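Biologist: I am new to this structure and would like a guided tour. Could we take the features in turn, with the general idea before the case?

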Amino acid sequence: MSMRALTGLKPIPPSEITPREVFLDRRRFLAGATAAAAGLGTAAPALAEEMAMKLPAARNAAFSTTDAPTAKKIITGYNNFYEFGMGKSDPAASASKMSVRPWTIEIGGAVEKPRTIGIEEVMRLPLEERVYRFRCVEAWSMVAPWIGVEFNKLAALVGPTSKAKYVRFTSVVQPSVMSGVRAEVIDFPYVEGLRIDEAMHPLTILAVGLYGETLPNQNGAPVRVIVPWKYGFKSAKSIVRIDFVEDQPRSTWMKLQPSEYGFYSNVNPAVDHPRWSQARERRLPDFFASTPTLPFNGYADQVASLYAGMDLKKFF
Ligand SMILES: Nc1nc2c(c(=O)[nH]1)N[C@H]1C(S)=C(S)[C@@H](COP(=O)(O)O)O[C@H]1N2
Ligand SMILES: [Mo]
């Protein structure tokens, strides 16, 4: 299948999103109710997503944009999660089948204390709410109130050594519930990478929640990366492995199409993607791309210094 077929998807007008998502929500609810009635108990996968748990966390205003948050229905109904298919509504329709408990992250590579950490322990780290701008390379954008912990707090638990120049993130693979994995178009597991200083930057978080609740599966439950000054694909979902490494990781998108997706992928209105202009963005639920895109997605004051002296047209 060509890359165009893969990612050249037409945006869905927002007028079509809402009714469909309401429909999907009702269908999920019914699936859960049926499973419960059949006495399948909490082990029934269809129930997992109904059981979103409250996750209160104080907002860190200093790290939050004052842009209006995008409606929850849109953030949880218009997704990219290719393991579940390539359509924007595929993840909301089928990610509830993903098993998110028990869940552990293997942390290894160039660290003093390699270890496995359970999701419960991650959730006991100091969580806070961060309202971040989030922009996909396909030119849609949103504003999401994530709940998470700075990645550097997790890194402190394992102690990266001087050989740790990059961090590689690996997403989960559950072929029996992931039609996109079974299709074998993309080589899964999904892999992403950051330079160590990017990963350790206080803006980089591991998100475990959204809108005051645990993370919905379609947004990368139970834990995903969020790097707000980079295109959305750098923010790997449903993480099961983190490696501190000496060499620059080759990400899933770099392997698939190196001319289109570079390692850095900083949001940059001056460097267009071959298929999507990056000058403006379609702030969901807007229909037109009328919002100007800002360098580093508006986080230039905090992160531009990380790239001092680098030609960002070359290192796109
Ligand atoms: N494992 C995994 N992580 C992923 C993706 C994916 O397909 N698989 N898509 C990426 C892309 S392209 C984007 S834009 C964001 C979308 O995040 P959202 O659905 O929470 O908005 O997730 C990123 N992380
Ligand atoms: Mo994306």
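Modeller: Start with Pro102, in the loop between helix 5 (90-94) and strand 1 (104-109). Bear in mind that this is a predicted model.

Biologist: What is the peptide bond from Arg101 to Pro102, cis or trans?

Modeller: The general idea comes first. Most peptide bonds are trans. The bond from Arg101 to Pro102 is cis, with omega near -10 degrees. The bond from Ala221 to Pro222 is cis as well, with omega near -5 degrees. Pro222 is found in the loop between strand 8 (213-214) and strand 9.

Biologist: And how do I read phi? Which value does Ala139 have?

Modeller: Most residues other than glycine have a negative phi. Ala139 is not a glycine, yet its phi is positive, near 85 degrees. Look for Ala139 in the loop between strand 3 and strand 4. With a relative accessible area of 12%, Ala139 is buried. Tyr211 also has a positive phi, about 50 degrees. That residue, Tyr211, lies in the loop between strand 7 (205-210) and strand 8. At 31% relative accessibility, Tyr211 counts as partly exposed.

Biologist: Now the rings. How many aromatic pairs are there in the whole structure?

Modeller: A search finds 17 aromatic pairs. A pair of aromatic rings is described by the distance of the centres and the angle of the planes. Take Phe134 and Trp146: 6.0 Å centre to centre, with 70 degrees between the planes. Planes over 60 degrees apart count as edge-to-face, so this pair is edge-to-face.

Biologist: Which parts does the pair of Phe134 and Trp146 tie together?

Modeller: Phe134 lies in strand 3 (residues 128-135) and Trp146 in strand 4 (residues 140-150), so the pair links parts 12 residues apart in sequence. Both Phe134 and Trp146 are buried.

Biologist: How do Phe151 and Phe244 pair, stacked or edge-to-face?

Modeller: Their ring centres are 6.1 Å apart and their planes are at 25 degrees, so the pair is stacked. Phe151 belongs to helix 7 (residues 151-158) and Phe244 to strand 10 (residues 239-245), so parts 93 residues apart in sequence are tied together. Phe151 and Phe244 are both buried. There is also an aromatic cluster, formed by Tyr166, Phe263, Tyr264, Phe296, Tyr307 and Phe315.

Biologist: Which charged residues lie over rings?

Modeller: Lys234 is one of them, over the face of Phe263 at 4.5 Å from the ring centre. Arg130 is another: its charged end sits over the ring of Phe63, 4.2 Å from the centre.

Biologist: Where is Arg130, and what does its side chain contact?

Modeller: Arg130 is in strand 3. At 1% relative accessibility, it counts as buried. Its side chain makes a polar contact with the side chain of Glu128, at 2.5 Å. A polar atom of the Arg130 side chain also lies 3.1 Å from the backbone oxygen of Pro202. Leaving aside neighbours within four places in sequence, the contacts of Arg130 include Asn60, Phe63, Trp146 and Glu150.

Biologist: One last stop. How does Pro126 count at 48% relative accessibility?

Modeller: Pro126 counts as partly exposed. Find Pro126 in the loop between helix 6 (119-123) and strand 3. Not counting residues up to four places away in sequence, Pro126 touches Gly148, Val149 and Lys153.

Note on methods: Residues numbered from 1 in each chain as written. Chains lettered and ligands numbered in written order. Predicted model: local features only at pLDDT ≥ 70, side-chain atom pairs only at ≥ 80, totals over all residues. Heavy atoms only, no water. Phe/Tyr/Trp six-rings, centres within 6.5 Å; stacked < 30°, edge-to-face > 60°. Helix = DSSP H or I, 4+ residues; strand = E, 2+ residues; numbered from the N terminus. Buried < 20%, exposed > 50% of the residue type's maximum accessible area, 1.4 Å probe, protein only. Lys NZ or Arg CZ within 6 Å of the ring centre and 35° of its normal. Polar contact = N/O pair within 3.5 Å; in protein donor to acceptor, adjacent residues only side chain to side chain. Contact = heavy atoms within 4.5 Å.
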